[in-house]
Amino acid sequence: NAGVTQTPKFRILKIGQSMTLQCTQDMNHNYMYWYRQDPGMGLKLIYYSVGAGITDKGEVPNGYNVSRSTTEDFPLRLELAAPSQTSVYFCASSYSSWTENGYTFGSGTRLTVV
Amino acid sequence: KNQVEQSPQSLIILEGKNCTLQCNYTVSPFSNLRWYKQDTGRGPVSLTIMTFSENTKSNGRYTATLDADTKQSSLHITASQLSDSASYICVVTGQTGANNLFFGTGTRLTVIP
């Protein structure tokens, strides 16, 4: 199994540009999450989804949008990129909100906004 | 305020030596605590999970302890290997729910030959 796959791995955006960070999982997990990791900071939850068609805001949702049309995919959209969105983005999934195995994380997307 | 603090921020040890990483939290109510290992350029991978009633849990050379009264946890690494070089992140779950995870900032461990 591939687990959680994120694309692209790296991206440089200009201020005001838009892009979609892709995330797909093949474990039939109900829950999916988007986190950002800034240098020297803990991971912050951006958005999460408890199932297809259901999404909700996390701690830092401003400037982002998500959709969950299928169980497998949970893309993160940046509409107007800003330098404050320079970060490493991690997608994660889990079968439920409490699981012995914890969350499965993707390898991350390093985004730089210039 | 729900917070997770880890110490030290970074640590350098010789291969074969032991080390202990600390995690203090103020998350309440408490559901569980996990330690994750994050290799450079990779996503975090779960090492251990501990609930309120568990004091110690081992995973190979990794042993986690939890004192729910003092709200402290530690991760002990025995006979360190070069492959242990990574960031170790303490994650506390509050009340059950998808948006109730609190992440520490991690301890960066470097094992040198």
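Where in chain A does Gln17(A) lie? Here are some notes on this predicted model, point by point.

1. **Ground rules.** This is a predicted model, in which local features need pLDDT of at least 70 and side-chain atom pairs count only at pLDDT 80 or more, while totals for chains, interfaces and linings use all residues. Residues are numbered from 1 along each chain as its sequence is written, chains are lettered from A and ligands numbered from 1 in the order in which they are written, and side-chain values use heavy atoms, with hydrogens and water left out.

2. **Gln17(A).** To take up the opening question, Gln17(A) sits in the loop between strand S2 (10-13) and S3 of chain A. Strands here are DSSP runs (E, at least two residues) and helices are likewise DSSP runs (H or I, at least four), numbered from the N terminus. Gln17(A) counts as partly exposed because its relative accessibility is 36%; the scale is buried under 20% relative accessible area, exposed over 50%, partly exposed in between (1.4 Å probe, protein chains only). Setting aside neighbours within four places in sequence, Gln17(A) is in contact with Leu78(A), Glu79(A), Leu80(A) and Ala81(A), where contact means heavy atoms within 4.5 Å. The C-alpha atoms of Gln17(A) and Glu79(A) are separated by 6.9 Å, although these residues are 62 apart along the chain.

3. **Gln25(A).** Gln25(A) belongs to strand S3 (residues 19-25) of chain A, and it counts as buried because its relative accessibility is 2%. A polar atom of the Gln25(A) side chain lies 3.0 Å from the backbone nitrogen of Met27(A), and the side chain of Gln25(A) also reaches the backbone oxygen of His29(A) at 2.9 Å. Leaving aside neighbours within four places in sequence, the residues in contact with Gln25(A) are Gly3(A), Val4(A), Met32(A), Arg68(A), Thr71(A), Glu72(A) and Ser93(A).

4. **Thr20(B).** In chain B, Thr20(B) lies in strand S3 (residues 19-25) and is partly exposed, with 35% relative accessibility. Its side chain makes a polar contact with the side chain of His76(B) at 2.7 Å. A polar contact is a pair of N or O atoms within 3.5 Å; within protein, one must be able to donate a hydrogen and the other to accept it, and residues adjacent in sequence count only if both atoms are side-chain atoms. Apart from neighbours within four places in sequence, Thr20(B) is in contact with Ser74(B), Leu75(B) and His76(B).

5. **Salt bridges.** How many salt bridges does the structure hold over all chains? There are six, a salt bridge being a side-chain nitrogen of Lys or Arg within 4 Å of a carboxyl oxygen of Asp or Glu. One of them joins Lys44(A) and Glu59(A) at 3.6 Å, N to O. That pair links distant parts of the chain, 15 residues apart: Lys44(A) is in strand S5 (residues 44-51) of chain A, and Glu59(A) is in the loop between strand S6 (54-57) and strand S7 (64-66) of chain A. Lys44(A) is partly exposed at 27%, whereas Glu59(A) is exposed at 53%.

6. **Two further pairs.** Arg36(A) and Asp38(A) meet through their side chains in a salt bridge of 3.0 Å, N to O; Arg36(A) is buried at 11% relative accessibility, and Asp38(A) is partly exposed at 22%. In chain B, Glu54(B) forms a salt bridge with Lys57(B), whose closest N and O atoms are 3.1 Å apart. Glu54(B) is partly exposed at 24%, as is Lys57(B) at 21%.

7. **The interface.** Chain B places 21 residues in contact with 21 residues of chain A. The area buried between chain B and chain A is about 1,700 Å², and carbon and sulfur atoms give 57% of it; buried area is the accessible area (1.4 Å probe) that two parts lose on being put together, summed over both. Between chain B and chain A there are four residue pairs in polar contact (both at pLDDT 80 or more). On the side of chain B that touches chain A, the elements giving two or more residues are strand S4 (32-38), strand S5 (45-51) and strand S10 (101-103) of chain B. The largest share, four residues, comes from S4(B). The count of salt bridges between chain B and chain A is zero.
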